[in-house]
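Subject: Handover of a structure and notes on it

Dear colleague,

Please find the structure below, with the sequence beside it. My notes follow.

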Amino acid sequence: MNHRISRLLGAWMVGCAVLALAATYYQAAMADRLAASPANPRIANAEKSIWRGSILDRNGEILAESLERGLDSRVYRGPGSLAPLIGYAHPTLGKSGLESAMDQWLSGRGWSYSRTGLLSTMSRQPDRGYSVRLTIDSRVQRACEAALAGRRGAAVAVDAASGEVLAAASCPWVHPALSESAWDTVIAREDSPLICRPLVGLYPPGSTIKPAIAGAAIDMGLAGSGTVYDCRGSIRAGGTIISDAAGAHGSIDLRAAIALSCNTTFVHLALKAGPGLPEALSGFYLGGALPLDAPTAAGMLSSEAGDDALGQLAIGQGDLVVTPLHVAMIAAAVVNHGVMMRPRLVAEIRSADGAVVTRSSPGVLCVPMSADAARIVAAGMRDAVEWGTARAANLPEYAVGGKTGTAENPHGAPHAWFVGYAQHAGRKVVLAIIIENGGSGGQAAAPLAGGIFRAVLSGR
Amino acid sequence: MIMRGLRCRRDTERSLVGIVMLLAGLSGISLSLARSGSIFGWDTVLCFAAATAFAVAHLLLAAARFDGDQVISALIAAAAALGYASILRLRPDLALRQLSFIWIGVGVMVAAALWQSKGRASGSGMALAAGAAALLLVTLAFGQERGGARSWVFIGGMGFQPSEFAKIACALAGADALSALPACRKAPLPSAAPHRASLGQMWASRPVRAVFVVWFAIVALTVLQRDVGTAAIIYISCVALAYVASGNRHLVLGAAALGAAGVGLACRFFPHVGARFAAWSNPWADAAGSSYQVVQAFYALGSGGMLGRGYGSGSPWLIPAAPTDMLFAASAEEIGLAGSLGVIAIYFLLVGHAYACAMRGRSPRQQLAAVGAANILAVQAFVIIGGNLGVLPLTGVTLPFASYGGSSMISSLALAGILLGSTVECESAADKAASASAGAAGATTDVDHGSDGNDGNRGGGDGR
């Protein structure tokens with residue numbers, strides 16, 4: 001009988017091994033995921049006892065703070081146009097925007113969800129969350145807000161050399177306190193005031209794509225500073241004829257083609273580039289989402305290389321949609337010698353006692369074009385501001401370059417675009433502005449750039 | 001003290017229970033620190049008082065010159081102390097009741113151990129089992145429903161579950177009847193082929209036939225009470241016991257097939273069983289509904305992590321039925337993987353040691369009684385820990401010695417008493433073998449043969 005008892009003993013050993021493995025699976029392998037899951041009721045309970053950290057702008061101005069423990073007392077103090085980016089933190093509505101993306105830190109769980117066994121009985125857990133300091137400059141943000149002047153649209157300003165996002169204005173907006181009290185009304189609004197347009201709004205870029213096309217064409221050897229194209233005013237791309245509103249430009253070099261936004265030249269270059277063009281554009285991150293501490297939308301870039309598709313791609317129409325941040329980052333690469341820096345929104349995380357826990361540092365995201373190509377394209381954008389389509393953006397005191405866009409869309413009048421850079425005393429700032437259904441980029445968007453550039457570079 | 005005049009023959013048990021008391025006191029201090037900030041608070045006293053019951057059991061057993069195993073009761077004390085600390089932490093209002101259940105249960109354990117060790121239990125299994133079946137029938141008619149199962153009897157406000165006691169009766173009845181099988185005898189030589197009993201041989205024996213019928217009746221009645229978890233525990237334990245006694249593999253295969261069919265039928269006809277199976281196969285599909293309990297257990301386990309959050313820092317009350325069915329997961333949040341592996345280790349050692357003792361048993365009846373008791377503890381611990389961990393569908397059974405509940409605590413400790421009583425002489429036999437010279441080995445073998453013969457006669461007598 002004993003050998004049969006020993007078989008039961010063997011079965012029992014196997015059973016206990018299964019239990020030990022299962023315990024290890026849930027308490028070690030899956031532990032962090034389960035502990036941090038938003039559906040874990042401990043998270044909501046812990047929030048009630050935590051004094052949520054503040055969100056500050058780069059100069060320490062408070063954008064959002066809590067007056068007491070729990071989520072009920074969250075107060076938004078920043079510029080209204082920043083509200084869609086900061087988002088809300090509410091006990092029943094949940095969290096959005098940066099309040100959601102940085103929640104681990106703000107609620108004090110970021111460093112480690114304390115599981116220190118019996119030691120934690122002795123050592124009290126931290127009851128204050130970490131504060132998050134952004135790269136956003138409230139002054140620049142307010143300048144963007146003033147430029148948009150209540151029109152539907154977005155403006156985003158980035159420091160090209162460091163990748164710091166200085167402003168991300170979205171219009172229209174609602175104050176987070178209002179969106180909490182009148183949630184149903186806010187949600188029902190057709191102009192989507194909760195969407196953070198500069199980071200997740202997807203628009204056809206129109207002619208603001210041309211600096212990227214020009215950079216790609218130069219690097220593919222299709223154009224250079226000396227090459228001249230004879231613009232006849234229209235060109236056939238597959239089944240469609242694409243023409244220039246201004247008529248034939250005649251003999252035109254690449255700089256002038258950028259300055260005058262010559263559709264014919266760019267369609268010609270795109271057809272010559274063929275399937276290499278979508279590939280080169282995806283080097284500008286247009287086919288994906290830019291990495292950032294806040295949610296960003298992925299651009300849609302078709303790899304289709306038929307003549308029709310290439311023709312539309314060359315003028316930023318067709319299937320292509322990107323965010324204003326994408327467009328700004330193209331200009332950032334142009335003015336930064338072809339190097340696209342990683343965009344950054346969070347400057348540093350501080351604990352409640354003021355100690356810096358992490359600090360972000362500049363990093364290269366990608367190199368979408370050569371320095372030579374960037375120099376030619378930058379000169380073309382400078383020409384556009386000096387005597388081309390973007391004259392309205394010119395400022396006497398800074399070296400400003402730019403490109404306008406007038407993007408056809410199915411929702412009515414074309415979107416008015418401006419993307420540009422301004423250089424002064426070693427600083428390089430880029431800016432992308434879109435006015436939804438605003439009409440001509442040169443007339444509706446380019447005149448808004450000056451005030452914003454001044455706000456950044458003058459320091460006032 | 002009391003022991004001074006007596007020759008203490010239970011040194012091992014005394015040291016082990018002492019260690020458990022120390023650990024219980026430490027967990028009480030940890031609880032007390034977390035809740036009231038003082039080292040010596042009510043929590044400390046209560047935890048210590050729970051472990052003290054086993055110290056008293058040790059003194060009583062030593063005074064009665066009980067010479068059974070000394071490790072089992074210490075392991076049970078460890079399980080009870082850990083469970084008690086968790087219940088104290090979860091529901092301080094239940095702490096005094098649970099403490100009294102432990103003390104009553106420990107008294108029952110000592111009584112059952114002495115009763116079983118003196119051989120007085122012999123032959124009573126069948127009567128107990130018949131009584132249990134009758135009680136289950138009464139429960140089915142007049143019982144009350146709790147958690148989908150109609151398995152509760154209330155007498156004067158105190159509720160208890162007869163199925164808890166039916167488990168013990170099944171093990172005892174099985175040991176009585178099956179020990180008559182010739183397959184239980186020790187092989188005369190280690191090299192000889194082991195005895196096996198065919199199904200026909202087993203059915204030919206009247207006591208075996210009778211015990212099969214009673215087992216079937218008890219399992220069927222428990223299923224009809226819709227207490228499928230307990231029914232499964234009794235069924236699996238009894239099949240394993242019959243296998244040990246007979247060595248018949250067809251029995252195991254047939255029982256497995258029958259069990260699978262039974263589970264299929266239960267899923268079909270009892271909605272709560274089907275729901276629990278669905279919740280088990282994909283817990284995340286309906287995390288807010290049918291599998292809420294399991295998913296909350298997963299969150300508790302994950303939140304505990306490796307070292308746990310410490311007593312007083314977790315939120316174990318978020319799991320429904322935390323002090324009873326979900327005690328393992330609830331305590332795992334605060335004691336961590338380290339602690340829950342410790343709990344698994346306690347049950348592993350307890351059952352493993354019980355099987356080892358059963359192998360050294362004096363007679364087939366004692367061996368089978370030990371195996372039957374160990375089977376029930378093993379299956380019940382596996383079913384409920386596995387249920388907490390998502391390995392098995394969750395059933396409403398308790399973690400033996402740890403969960404809150406009078407019926408569960410007292411019946412588990414009574415079963416432990418049967419187990420203890422069935423280990424009598426196995427240690428002294430080992431001592432004898434160790435101390436005896438090579439020349440005395442023949443005498444020991446004679447004694448074994450003699451006891452086998454006696455038991456065989458006794459079993460035959462039961463049959464008539």
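Is B:Phe401 buried or exposed? B:Phe401 is buried, because 28 other C-beta atoms lie within 10 Å. A residue is called buried if 20 or more other C-beta atoms lie within 10 Å of its own, exposed if 12 or fewer, and partly exposed in between, with C-beta atoms placed from the backbone.

Some conventions come first. This is a predicted model, in which local features need pLDDT of at least 70 and side-chain atom pairs count only at pLDDT 80 or more, while totals for chains, interfaces and linings use all residues. Residues are numbered from 1 along each chain as its sequence is written, and chains are lettered from A and ligands numbered from 1 in the order in which they are written.

The two chains

Chain A has 20 helices and 19 strands, and chain B has 17 helices and 3 strands. Here helices (H or I, at least four residues) and strands (E, at least two) are DSSP runs, numbered from the N terminus. Of the 460 residues of chain A, 56% count as buried; for the 464 residues of chain B, the figure is 54%. Two residues are in contact if their C-beta atoms, placed from the backbone, lie within 7 Å. Among contacts in chain A between residues at least 6 apart in sequence, 66% join residues at least 24 apart. In chain B, residues 24 or more positions apart make up 75% of the contacts with a separation of 6 or more.

Where the chains meet

The contact between the chains involves 38 residues from chain A and 49 residues from chain B. On the side of chain A that touches chain B, α1 (2-29), α2 (31-36), α3 (41-49) and α7 (119-122) each supply at least two residues. The largest share of that side, 19 residues, belongs to α1(A). Sorted by class, the side of chain A that touches chain B has 21 nonpolar, 13 polar and 4 charged residues. In this sorting, Ala, Val, Leu, Ile, Met, Phe, Trp, Tyr, Cys and Pro count as nonpolar, Asp, Glu, Lys and Arg as charged, and the others, Gly among them, as polar.

α1(A) also packs with helix α9 (residues 228-246) of chain B, at an angle of about 150° and with the axes 7 Å apart. Axes are lines fitted to C-alpha atoms, for helices over the stretch in contact, and angles run from 0 to 180 degrees between N-to-C directions. A:Arg4, A:Ile5 and A:Leu8 of α1(A) and B:Ala240, B:Tyr243 and B:Val244 of α9(B) make this contact. These residues divide into 5 nonpolar, no polar and 1 charged.

Two helices

Helix α8 (residues 138-148) of chain A is mostly covered, with 9 of its 11 residues buried. Among these buried residues are A:Val140, A:Ala143, A:Cys144 and A:Leu148. The buried residues of α8(A) pack against β7 (153-159), β8 (165-171), β19 (427-435) and α20 (449-457) of chain A. Just after α8(A), A:Ala149 takes a positive phi of about 50°.

In helix α5 (residues 125-142) of chain B, the buried residues include B:Gly125, B:Leu128, B:Ala132 and B:Leu136. On the other side of α5(B), B:Val138, B:Ala141 and B:Phe142 are exposed.

Loops and backbone details

Most residues other than glycine have a negative phi, and most peptide bonds are trans. B:Phe401 has a positive phi of about 75° although it is not a glycine, and B:Phe401 lies in the loop between α14 and α15 of chain B. B:Pro400 lies in that loop too, between α14 (364-388) and α15 (406-421). B:Pro400 counts as buried because it has 25 C-beta neighbours inside 10 Å. B:Pro400 and B:Ala381 are 19 residues apart in sequence and 6.6 Å apart in space, C-alpha to C-alpha.

In chain A, A:His337 has a phi near 60°, a positive value in a residue other than glycine. A:His337 lies in the loop between α17 (324-335) and β13 (340-341), and counts as partly exposed because it has 18 C-beta neighbours inside 10 Å. The peptide bond from A:Cys171 to A:Pro172 is cis, with omega near 5°. A:Pro172 lies in the loop between β8 and α9 (176-181) of chain A.
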